[in-house]
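Subject: Structure for you to look at

Hello,

Here is the structure for you to look over. My notes on what turned up follow below it.

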Amino acid sequence: NEKWGFVNKKGEVVINPQFSYANNFSDGLCAVENDDGKWGFIDKDGKIVINYQFTDIDKRFNRFKNGKCVVNLNGKSGVINTEGKYIINPQFDDMVADGDLFMVEQGGKWGWSDTDGKLLINPQFKRAHPFNGSKMAAVRSGKSWGYIDEDGKFFINPQFDYALPFMGNLAFVRNGGKWGFID
């Protein structure tokens with residue numbers, strides 16, 4: 001019976017607790033879940049501005065950014081704008097916003113699409129991390145991790161047991177049970 005609402009910096013209730021779950025605000029909107037397990041979006045006054053209709057959201061990543069948000073409808077992910085209109089119809093198994101691109105999953109493989117849903121890098125990687133503004137993304141090919149460029153070509157061949165995204169000029173990788181940094 002736990003309900004979520006919002007307080008201001010003074011601790012005063014500004015949106016009464018009424019939601020089964022509430023995410024964080026971004027671009028002036030916040031994803032909220034009703035008692036039926038459907039998700040919609042409220043504004044900072046607590047008014048529903050995008051009706052409850054989505055069946056699931058990724059609580060870690062589901063926020064509006066640059067007027068776009070990944071949503072899930074009946075097991076398929078798509079992208080809506082701040083008016084609730086689809087920019088990319090629900091067609092992917094999963095999606096993650098990645099700057100001006102979207103990581104997309106189809107059939108257990110990851111790739112990337114543009115903001116219209118057009119595939120730029122075909123889903124072919126068992127696991128992947130976002131570009132996060134870098135020119136390279138860590139991907140798993142077979143049993144090893146390497147790094148691809150924005151065209152989907154390997155820039156650093158798969159050779160690591162595990163690889164994390166580049167942060168600046170360095171990335172954290174594991175090989176033979178030991179961790180280290182690469183440039």
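**Pocket lining**

β7 (68-73), β10 (94-98) and β11 (101-106) each put at least two residues into the lining of the largest pocket. Please keep in mind that this is a predicted model. Sorted by class, the lining holds 10 nonpolar, 5 polar and 6 charged residues.

**Hairpins**

Two of the strands named above also pair with each other: β10 and β11 are antiparallel, over 5 bridges. A171 stands opposite I182 of β20. This pair of strands forms a hairpin too, with 2 residues between them, and G176 in the turn has a positive phi of about 55°.

**The four-stranded sheet**

An open sheet of 4 strands runs in the order β14-β15-β16-β17, with antiparallel pairing. Its edge strands are β14 (127-128) and β17 (154-160), each of which pairs on one side only. β15 (residues 137-141) and β16 (residues 144-148) run antiparallel and are joined by 5 bridges. Within this pairing, A138 stands opposite Y147 in β16. In general, strands of a sheet pair through backbone hydrogen bonds, either parallel or antiparallel.

**Aromatic pairs**

How many aromatic pairs does the structure hold? There are 12. In one of them, the ring centres of F41 and F54 are 6.2 Å apart and the planes are at 70°, so the pair counts as edge-to-face. F41 belongs to strand β5 (residues 39-42) and F54 to strand β6 (residues 48-54), so the pair ties together parts that are 13 residues apart in sequence.

**N81**

N81 lies in strand β8 (residues 76-81). A polar atom of the N81 side chain is 2.9 Å from the backbone nitrogen of E83. Leaving aside residues up to four places away in sequence, N81 touches I50, F64, G67 and I87.

Regards

How values were computed. Residues are numbered from 1 along each chain as its sequence is written. This is a predicted model: local features need pLDDT of at least 70, side-chain atom pairs count only at pLDDT 80 or more; totals for chains, interfaces and linings use all residues. Side-chain values use heavy atoms; hydrogens and water are left out. Ala, Val, Leu, Ile, Met, Phe, Trp, Tyr, Cys and Pro count as nonpolar, Asp, Glu, Lys and Arg as charged, and the others, Gly among them, as polar. A polar contact is a pair of N or O atoms within 3.5 Å; within protein, one must be able to donate a hydrogen and the other to accept it, and residues adjacent in sequence count only if both atoms are side-chain atoms. Contact means heavy atoms within 4.5 Å. Two strands pair if DSSP finds at least two bridges between them. Rings of Phe, Tyr and Trp (its six-membered ring) pair if their centres lie within 6.5 Å; planes under 30 degrees apart count as stacked, over 60 as edge-to-face and the rest as tilted.
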